[in-house]
Amino acid sequence: MLLDYTTYFLAAFIATIGFGILYNVPTRTILASSLAGATGWVVYHYLSFQLELDYFVGAGAAAFLVANCSQWFARYYRMPVIVFAIPGIIPLVPGGSAYNMMRSFIEGNSDLAFMYATETFLVSGAIALGLSVNSGLLQALSSRTLGKRDKRYLP
């Protein structure tokens with residue numbers, strides 16, 4: 001089991017490095033964004049396949065974790081969050097179900113195609129939700145925002 005998760009981690013890490021290079025991520029941040037992506041994929045796989053939770057829950061929690069890691073790395077490297085978040089979510093993108101959806105549509109199996117379409121859109125929505133919830137929580141709970149809020153409402 002540990003060997004399986006190590007293999008998943010390394011595969012996602014290498015895939016994220018490839019997409020980081022493809023998207024011209026600064027060289028000094030490639031390993032950090034790959035670490036965020038690989039960690040997110042392992043969490044997604046564990047929640048969705050080991051604990052057998054819904055794909056939506058697994059993708060949302062993994063995207064939240066990737067966004068959280070990206071926020072931390074962005075502060076550490078003094079770079080924009082998007083430098084870490086975009087390559088980091090690549091392993092979570094539901095490419096396989098999108099492919100199966102198109103293949104089922106072409107083969108005329110519309111019931112199966114709609115099942116894959118629903119899965120694709122739910123996982124994509126969960127990724128977007130996980131990223132935006134993290135961003136919203138960080139803005140709401142940041143020390144600067146809390147400081148401004150306190151000053152506005154004090155007499």
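User: Which residues of α6 are buried in this predicted model?

Analyst: The model is predicted, and a residue counts as buried when its relative accessible area is under 20%. Helix α6 runs over residues 110-141. Its buried residues are Ala113, Tyr116, Ala117, Thr120, Val123, Ala126, Ile127, Gly130 and Asn134.

User: Against which helices do the buried residues of α6 pack?

Analyst: Contact here requires heavy atoms within 4.5 Å. The buried residues in question include Tyr116, Val123 and Ile127. They pack against α3 (55-77), α4 (82-89) and α5 (95-107).

User: How far does α6 reach from its first C-alpha to its last?

Analyst: Helix α6 has 32 residues. At 1.5 Å a residue, a span of 46 Å is expected. The reach in the model is close to that value, at 45 Å.

User: Is Val133 buried, partly exposed or exposed?

Analyst: Val133 lies in helix α6. Buried residues have under 20% relative accessible area and exposed ones over 50%. The relative accessible area of Val133 is 36%, so this residue is partly exposed.

User: Which element gives the largest share of the nonpolar patch?

Analyst: The surface patch is formed by Met1, Tyr46, Leu51, Leu53, Phe56, Val57, Leu122, Leu129, Val133, Leu137 and Leu141, with about 970 Å² of accessible area together. Two or more of these residues come from each of α3 and α6. The largest share, five residues, is that of α6.

User: Which elements do the buried residues of α3 pack against?

Analyst: The buried residues of α3 include Gly58, Ala62, Val66, Cys69, Gln71 and Phe73. From the α3 side, the partners are α2 (30-50), α4 and α6.

User: Why does the span of α3 agree with expectation, and what is the distance between its end C-alpha atoms?

Analyst: Helix α3 has 23 residues, and these should span 33 Å at 1.5 Å a residue. The span agrees because the end C-alpha atoms are separated by a distance of 32 Å.

User: What percentage of the chain over residues 121-142 is helix?

Analyst: An unreviewed UniProt entry annotates residues 121-142 as a "transmembrane region". Over these residues the end C-alpha atoms are 31 Å apart and strand accounts for 0%. The helix content is 95%.

Methods
Residues numbered from 1 in each chain as written. Predicted model: local features only at pLDDT ≥ 70, side-chain atom pairs only at ≥ 80, totals over all residues. Heavy atoms only, no water. Helix = DSSP H or I, 4+ residues; strand = E, 2+ residues; numbered from the N terminus. Expected span 1.5 Å × (residues − 1). Buried < 20%, exposed > 50% of the residue type's maximum accessible area, 1.4 Å probe, protein only. Patch = residues over 30% accessible without salt bridge, like charges linked within 9 Å, V, L, I, M, F, W, Y side chains within 5 Å. Areas by Shrake-Rupley, 256 points an atom, 1.4 Å probe, with all protein chains shown as cover. Salt bridge = Lys/Arg side-chain N within 4 Å of Asp/Glu carboxyl O. UniProt positions renumbered as here; feature names shortened; annotations may be inferred.
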